[in-house]
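Here are my notes on the model you sent, as numbered points.

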Amino acid sequence: MAKIIPKIFRINTGSCNGCDVEFVATAFVDKFHITSLNVELVDDVKDANLLVITGPLTARSESFLKNALTKLRKPFVVVGVGTCSVSCGIFRDSYAINGPIDKFVAVDVNVAGCPPRPESIAEGIAKGIKVLEQKLNGEVIPKKIDTIFSDFSAPASFRGRMDLNADMCTGCRTCETVCPSTAIKISEDANGFIHKIWHNSCCYCGNCAYFCPTGAIFSTNSFDTVKLQNEKYSDVNVSHIFYDECTCCGEKYMPPSRGLLSKSYIKEDRNKLNAAICSKCRKEENFKRMYG
Amino acid sequence: MKLEEFNNAVKSKISCGYEFKEDKDSYSNPSAWIILKDKRDSEVVAKAIKAYKGRCVVATAYKNDGEDVHTVIYHFDIAGTIINMQLQTDDATIHAITHILPSANWAEREIREMYGVEPIGHPNKDRLFLDYSIAKGVLNEYISLSKMQLGVSDTDVLWNNVNKEAN
Amino acid sequence: MTQTQKITIGPFNPELEESVYFKLEADENRVVTHVEIINGFIHRGMESLVTKKNFMQNLILTERVCSLCSNNHPFTYALAVEKIAGIKVPLRAEALRVIADEVKRVASDLFNLSMLTHLAHHHELMRDTMNTREHMQDLKEIIWGNRMDMSANQLTGTKYDLDEKKIELIIDTLDRVEPKLRDLQERYENDEIFREKTVGVGVLPYEDAIEIGVTGPVARGSGINNDVRVMAPYSLYAYRKELQPKVTLREEGDVHARAMARFGDILEAVRIIRDVVADMPEGDTYVEKRPHIPAGEAVVRTEAPRGELIYYLKTDGSQKPVRMRWKVPTFTNWEALKVMILGDKVDNVTMILNSIDPCISCTER
């Protein structure tokens, strides 16, 4: 099996520079182990076989990116670093943005994050090298590559992949409203709400968790955001928030969240106060109790 | 520098009248607004700023709601005090002050490309940030002439894929 | 007859953190005789985007203007909103904002200095600077949850608070970092290899600095102090005069002077953080999570790591800004590059660029 020397060239297509700064940290701070990958940072794109691309691809960068791509010799791999490179993230739908980059170049590995931790960038490069080796040896690229750097950990407070506790959620849409990068979509079907968090659009800011009135949405400290291109649209957190059936009239309704109730009723027995009835029936019952 | 002193310095030179307002930020730092009746008076204010060894920090422009009028606000600094000079133009031109205050250079160029308001007499004609693939005056549109107007946004396209693949 | 060489640098180049395109002309001694700089590679149309997002979303969008001064943007944006809404921020929140800001300043300045020593091919000094910065990165990740974007600010206050344990962690980190910083400062000042590459290079004379209107360490390196924390103090700097930095002014106006002015900023930032955590005001960390923002306009300023940051905000009582404009230090400092580069060597161009600590994403928005 042929061994290759990964030769890295970074192209910034309009990033806020977070990913680029963290790329430098990844490359020059020993604890991120990039030296263990025996990579070389090259001065000219024509010598590269591993492209690291950051940014949402601005209008002005487009032609220069296309031009740079013509200089590469096959096989090469493309590692998109940062949420912007994957989905344009927070800058999507601006007049000045022509990305994401996979409109113009076949991306192999995506590293979501805003910016990703150097550990994730190192992981992205490591996975990129695997793909490069497979391309060189004419092997079939697998659908998934297991984590390479298993020794990295993040502090508990790290704002990583978001998760939802569906029991606490009422589908109030606050998270959808405050999310700056349209990473959350809530839809409705006959049984209730479907809450989706698309990690590749997430800018990991924690705004949703901060503004969530019930504490349903929260960030985990998982930085497992390095995925192959075929996982781009499926790396999604999907939760179902089901309607209850009113014990009184049989209508479907959204029950109040347990999280909200425990905030509102500190002492009383919540179950008694909130018998499983819809708000219409509750109004009627209250009316009868007071005037009936 | 006392704001009143600056006001006195420009009073006799501004030919078409203006409004002078003093303001304070949340921390009691004083600032002033000079609202010109005629945009041509911008040069005399700029000269006064220069005489006080001030600089142009930046300038803001916006299109007035529902009319073909642009408001331009220059933000000057004299020794730590902000002086805002506001003017209006209905013919998409202003008189550049870059020859008086070189610090206004980029601010005026940006007003040209983002709002299509020409700073007459500006030494530089090139675009600054806006790519030539995008029409000048892009910020004039209340709803920008982006892909969004063509019906489908990138967000819609990408989320369609998400909805197909993640259930 | 002299021979003119045409040289281009960029837009994609490992020596350029952010994309920019230089078209230079040089004489037979590789001295730059003409310089043209093409911008716009990082222009993302952000002033249009902010008017399409609500005030809560803009807390984060402003943070993504630039990751190196990412705390200053939401901070200054919040000041503008609070001025319009007439909201007085609790003193504890002001303290928390200043801590976050100064931590970012240390990390940002150290990153710039690492890049500078990298370009000066002084790898030992580069690694030591980078490793020192890592302490601040770790601190940011533990307290704020991300190494670059802290998400510390909230309209009317801050999202985060500090307990005893976290304050201890801050003090511990500073205790470890400060001796390293002092050692680095001494080396940057006196190291012969570094001096040789930077002294007398990329000179910005005082008069040019005044005329162009430069701010921040670029101004301080040419003998001008227009630090907003001193000239128009805001937040806790306004309430506690003793917090205001004793800025380092240098007369030389060269790459070295700017680096040393930055070192002055770093050590003062450490001192400021220590002073603030030693005397934390009690009380709330914000007034309201989702305040009502009436119609109005405001002009506010702060001192970012690179100098003066100004925000103009106009609102109409709705959930989104009508107009928001901001100007970062590099926007004005950039024109000074032409003065610095002309007459200097081609090989110094990327280092001179680095010496203004250019933040292109900030500048082009």
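1. Chain C meets chain A through 42 of its residues, which are in contact with 46 residues of chain A; contact means that the C-beta atoms, placed from the backbone, lie within 7 Å. This is a predicted model, in which local features need pLDDT of at least 70 and side-chain atom pairs count only at pLDDT 80 or more, while totals for chains, interfaces and linings use all residues. Residues are numbered from 1 along each chain as its sequence is written, and chains are lettered from A and ligands numbered from 1 in the order in which they are written.

2. On the side of chain C that touches chain A, helices H1 (46-49), H2 (55-61) and H5 (123-144) of chain C are the elements that give two or more residues. Helices (H or I, at least four residues) and strands (E, at least two) are DSSP runs, numbered from the N terminus. H5(C) gives the most, with six residues.

3. Towards chain B, 30 residues of chain C are in contact with 27 residues of chain B. E7(C) gives the most to this side of chain C, with four residues. The side holds 12 nonpolar, six polar and 12 charged residues.

4. H5(C) has 22 residues and should span 32 Å at 1.5 Å a residue; its end C-alpha atoms are 30 Å apart, which agrees. The expected span is 1.5 Å times one less than the number of residues. Just after H5(C), Gly145(C) has a positive phi of about 95 degrees.

5. How do H5(C) and helix H6 (residues 164-190) of chain C cross? Their axes come within 10 Å and cross at roughly 165 degrees (lines fitted to C-alpha atoms over the stretch in contact, with angles from 0 to 180 degrees between N-to-C directions). H5(C) is therefore roughly antiparallel to H6(C), a term for angles over 145 degrees. Among the residues that meet are Leu125(C) and Met136(C) of H5(C), and Leu169(C) and Val177(C) of H6(C). The contact divides into 10 nonpolar, four polar and five charged residues.

6. In chain A, three strands form an open antiparallel sheet in the order E7-E8-E11; strands pair if DSSP finds at least two bridges between them. The edge strands are E7 (184-189) and E11 (236-242) of chain A. Seven bridges join E8 (residues 192-198) of chain A to E11(A), and His195(A) stands opposite Ser239(A) in E11(A).

Note on methods
Two residues are in contact if their C-beta atoms, placed from the backbone, lie within 7 Å. Ala, Val, Leu, Ile, Met, Phe, Trp, Tyr, Cys and Pro count as nonpolar, Asp, Glu, Lys and Arg as charged, and the others, Gly among them, as polar. Angles under 35 degrees count as roughly parallel, over 145 as roughly antiparallel, 65 to 115 as roughly perpendicular and the rest as oblique.
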